[in-house]
Amino acid sequence: MHLKLFSIGVLLLSSVLANDAILSDTKRNNLEMKEKSTKLNAEILKNSWINPLNLSISQSNNKQGAKTGENEVTQGQIALNQDLFRSGGIWYAIEYAKAQEILGLSSLALERNSEVISAYSTLVEIKKIELMEQKQRLLIRNSELDIKRKREQYAAGLLDISFFNNAILTKTTQENALLDLLNSKEKLMTTFENLSDRDYKEVPLPSLAMPTKEEFVQRNLALKTKEISIRSRNYQAKMTQAQYLPKLTFNAYYTQEEISTQRAATDDAYHGYGLTLSMPLHINSLKDIEVAKLETLVAKNDYELAQKEQKKAFERVSQDLQRVEKKIELAEKDTQLYTELLKQTQELFNAGLKTKEDLETMKNSKRVRAIDKEVYKLDLMSKKLEVYGKLANAF
């Protein structure tokens, strides 16, 4: 149990300390300070069973009568009241503190992953928008060429005015879509700048290999958190039970007392020590212990439910990846088809059977489909980032 707890802690800590270079200095410093705070709080909790030495000093003046006069008493004392044995409660308290430290690291790892994934996801969206911007400009150019053709056909009486109007409306719609893309890009840039100090053009996208379902479950931060929560609840239940069992306490004190009167001054020191064996009898002790045990069972049920949910989430993303990969295959086939059509159009253009506008339109159409393929690849990256955001030591 101790080895497993330690190994989980190392795994989570490595996640916190892993590569987060994409984040801004402020965010990384904030994570580092939270890590230090987590460790310090854990140390405080580990030593919480050790009682402090009580130091006190007092001075008083007592007037007891005309003959005695006024007495001045100065007293200093050191006292210790320390449990030596709590029926296992001390050991469970230390283990509980260790579990709480791991829980803190788990929360920190989740936060760090969330920040890193947000930065990379935003970067992916920016790159997608840039590709879609290229695509939209090509579509607009094709619309311009289409308008030119339809204008000539309309002037020659070969085409109805409605076809010419539709071509103009299509171009206007595409231009508005381009403006929307540029607006979205500005918002994404602001989001990225809030997460990172780096120039987005100089940040490479990570190479992500899709883990197996077994690897996903083993390295899942949410499940690790639930697992440690079970241990923490179990230690807490043991501590609750121990507080109603016998405990042995060491008591000691040392007192220095100085008494000054009109007649004389005395300086005395005395001390004492002993052991106390005690056990509280409380009407709600059994119920208190039962509640603590039930909370442990609830934590176990939460873990089982979370495990099912995470497995389902992985299966859903895997299915999404398969669908995107099929889109990539279709885009590749269309690109190959456009390559053949472009070759034919080039031959027809050389023979004087096609115009240069027809040739440019075909080139643009091929490029549009090739861009679609690149966009789908970025969609794959987004899906994988969704998975990696839940993994310990993901980057």
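A: Fine. This is a predicted model. Thr361 is a place to begin; Thr361 sits in helix H8, which covers residues 356-388.

Q: Is Thr361 buried or exposed?
A: Thr361 is buried, because its relative accessibility is 16% and the cut-off for buried is under 20%.

Q: What does the side chain of Thr361 make a polar contact with?
A: With the side chain of Arg149, at 3.4 Å.

Q: And which residues does Thr361 touch, leaving out those up to four places away in sequence?
A: Asn142, Leu145 and Arg149. Those numbers fall in helix H3, which runs over residues 89-155.

Q: How far does H3 reach?
A: From first C-alpha to last, H3 reaches 95 Å with its 67 residues. That is close to the 99 Å expected at 1.5 Å a residue.

Q: What comes just after H3?
A: Gly157 is found there, with a positive phi of about 80 degrees.

Q: Where is Leu158, then?
A: Leu158 belongs to the loop between H3 and helix H4, and H4 is 161-195. Leu158 is exposed, because its relative accessible area is 68% and exposed means over 50%.

Q: How far apart are Leu158 and Ala222?
A: They are 64 residues apart in sequence, and their C-alpha atoms are 66 Å apart in space.

Q: Let's stay with H4 for a moment. Is Phe164 buried or exposed?
A: Phe164 is a residue of H4, and with a relative accessible area of 11% it is buried.

Q: What is Phe164 in contact with, apart from its neighbours within four places in sequence?
A: Ile147, Lys150 and Arg151.

Q: Changing topic. How do H6 and H7 cross?
A: The axes of H6 (residues 221-242) and H7 (residues 285-350) come within 9 Å and cross at roughly 170 degrees. The two helices are therefore roughly antiparallel to each other, since angles over 145 degrees count that way.

Q: What kinds of residues make up the contact of H6 with H7?
A: Nine are nonpolar, seven are polar and eight are charged.

Q: Which residues of H6 are buried?
A: Among them are Leu221, Leu223, Ile228 and Ile230. The buried residues of H6 also include Lys224, Glu227 and Arg231, as well as Ser232 and Thr240.

Q: What caps the N-terminal end of H6?
A: Asn220 does. One of its side-chain oxygens lies 3.0 Å from the backbone nitrogen of Ala222.

Q: Now H7. Is Thr296 buried or exposed?
A: Thr296 lies in H7, and at 5% relative accessibility Thr296 counts as buried.

Q: What does Thr296 touch, not counting residues up to four places away in sequence?
A: Ile230, Arg233, Asn234 and Ala237. Ile230 and Ala237 are also listed as buried in H6.

Q: Which backbone oxygens lie 3.2 Å from a polar atom of the side chain of Thr296?
A: One is the backbone oxygen of Arg233. Another is the backbone oxygen of Ala292, at 3.2 Å as well.

Q: How far does H7 reach, and what follows it?
A: H7 has 66 residues and reaches 96 Å from its first C-alpha to its last, close to the 98 Å expected. Gly352 follows H7 and has a positive phi near 80 degrees.

Q: Last one. Which residue other than glycine has a phi near 55 degrees?
A: Ser87, and that phi is positive. Most residues other than glycine have a negative phi.

Q: Where does Ser87 lie?
A: In the loop between strand E2 (70-85) and H3. At 23% relative accessibility, Ser87 counts as partly exposed.

Key
Residues numbered from 1 in each chain as written. Predicted model: local features only at pLDDT ≥ 70, side-chain atom pairs only at ≥ 80, totals over all residues. Heavy atoms only, no water. Helix = DSSP H or I, 4+ residues; strand = E, 2+ residues; numbered from the N terminus. Expected span 1.5 Å × (residues − 1). Buried < 20%, exposed > 50% of the residue type's maximum accessible area, 1.4 Å probe, protein only. Polar contact = N/O pair within 3.5 Å; in protein donor to acceptor, adjacent residues only side chain to side chain. Contact = heavy atoms within 4.5 Å. Axes fitted to C-alpha atoms, helices over the stretch in contact; angles between N-to-C directions. Parallel < 35°, antiparallel > 145°, perpendicular 65-115°, else oblique. Nonpolar A, V, L, I, M, F, W, Y, C, P; charged D, E, K, R; others polar.
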